[in-house]
Amino acid sequence: MIIMAGKKLSRRDRIKKGIRKRLTGSESRPRLSVYRSNKGIYAQIINDVTGSTIASASSLSKDFSGSGNKSEQSVAVGKLVAEKAIAAGVKEVVFDRNGYLYHGRVKSLAEGAREAGLVF
C-alpha cells in the first residue's frame, strides 16, 4: 500500500482521484459514471453542477431484462442507460471509468451505450 496524506489508498482510488481532477459533468455534457462489483455493473448519468442523477441502470435492477455472461449484461446495461438518457434529453456525455481499466465489462458497457446513441 502507498501512504498518501496519512491514509492508505488503493490503486483504484488513486486512479479515480486523478481522473476526477480533470473530469466533471456539466448540464450540456453530464458524466456517465460506471461502478463494477463481482455480482453486477451499475451506470449513472450525473450532472455535477447540480449534483443530480439524470438516469441510472443496473444489472441487478427490476427493469433490467438481460441475460448471458457478465460482458453481455454490461452491454445491455449500457443500452438501457443510454435509452433512459436520450429519453431525458441527453445525447452527449463524458465517460468516467471510475478508476477501472477500460477493458472487459467497462468497455462492454461503453460500447453498448454508444450503440444505443450516446456520444462520448
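Modeller: Let us begin with contacts, where contact means heavy atoms within 4.5 Å. When its neighbours within four places in sequence are left aside, Val 77 is in contact with Ile 41, Ala 43, Ala 57, Ser 58, Ser 59, Phe 64 and Leu 109. This is a predicted model, in which local features need pLDDT of at least 70 and side-chain atom pairs count only at pLDDT 80 or more, while totals for chains, interfaces and linings use all residues. Residues are numbered from 1 along each chain as its sequence is written, and side-chain values use heavy atoms, with hydrogens and water left out.

Biologist: Which residues in the largest nonpolar core touch the most other members?

Modeller: In soluble globular proteins, nonpolar side chains tend to be buried together. A nonpolar core is a set of buried Ala, Val, Leu, Ile, Met, Phe, Trp, Tyr and Cys residues joined through side-chain atoms within 4.5 Å, and buried means under 20% relative accessible area, exposed over 50% and partly exposed in between, with a 1.4 Å probe and protein chains only. Here the largest core has 21 residues, of which Leu 32, Ile 45, Val 77, Phe 95, Leu 109 and Leu 118 touch the most other members. Two or more residues of this core come from each of β3 (31-36), β4 (41-47), α2 (70-87) and α3, and the largest share, 5 residues, comes from α2. Such helices (H or I, at least four residues) and strands (E, at least two) are DSSP runs, numbered from the N terminus.

Biologist: Which residues are buried in α3?

Modeller: They are Arg 105, Val 106, Ser 108, Leu 109, Ala 110, Gly 112 and Ala 113, and what covers them includes β3, β4, α2 and β6. Arg 105 belongs to this helix, which spans residues 105-115.

Biologist: How far away is the nearest side chain of opposite charge to Arg 105?

Modeller: Side chains of opposite charge can pair when their charged atoms come close. Lys and Arg count as positive and Asp and Glu as negative, whereas His and the chain ends are not counted; a salt bridge is a side-chain nitrogen of Lys or Arg within 4 Å of a carboxyl oxygen of Asp or Glu. Although Arg 105 is buried, no salt bridge is formed by this residue, and the nearest side chain of opposite charge, Glu 72, is 12 Å away. The side chain of Arg 105 does, however, reach the backbone oxygen of Ser 37 at 2.9 Å. That is a polar contact, meaning a pair of N or O atoms within 3.5 Å; within protein, one must be able to donate a hydrogen and the other to accept it, and residues adjacent in sequence count only if both atoms are side-chain atoms.

Biologist: How many salt bridges does this rule give?

Modeller: The count comes to 6. In one of them, the side chains of Arg 31 and Asp 96 meet at 2.9 Å, N to O. Arg 31 lies in strand β3 and Asp 96 in strand β6, so this pair ties together parts that are 65 residues apart in sequence. Arg 31 is buried, with a relative accessible area of 6%, and Asp 96 is buried too, with 1%. The side chain of Asp 96 also reaches the backbone nitrogen of Asn 98 at 3.0 Å.

Biologist: Which residue forms a salt bridge with Arg 20?

Modeller: Asp 48 does, and the closest N and O atoms are 3.9 Å apart. This pair links distant parts of the chain, since Asp 48 is in the loop between β4 and β5 and Arg 20 in helix α1 (residues 11-22), 28 residues apart. Asp 48 is partly exposed at 25% relative accessible area, as is Arg 20 at 32%.

Biologist: How many aromatic pairs does the structure hold?

Modeller: A pair of aromatic rings is described by the distance of the centres and the angle of the planes. Rings of Phe, Tyr and Trp (its six-membered ring) pair if their centres lie within 6.5 Å; planes under 30 degrees apart count as stacked, over 60 as edge-to-face and the rest as tilted. The structure holds 4 such pairs. The rings of Phe 95 and Tyr 102 have centres 6.0 Å apart and planes at 85°, so this pair is edge-to-face. Phe 95 is buried at 17% relative accessible area, whereas Tyr 102 counts as partly exposed at 36%. Ring pairs also link Tyr 35, Tyr 42 and Tyr 100 into a cluster.
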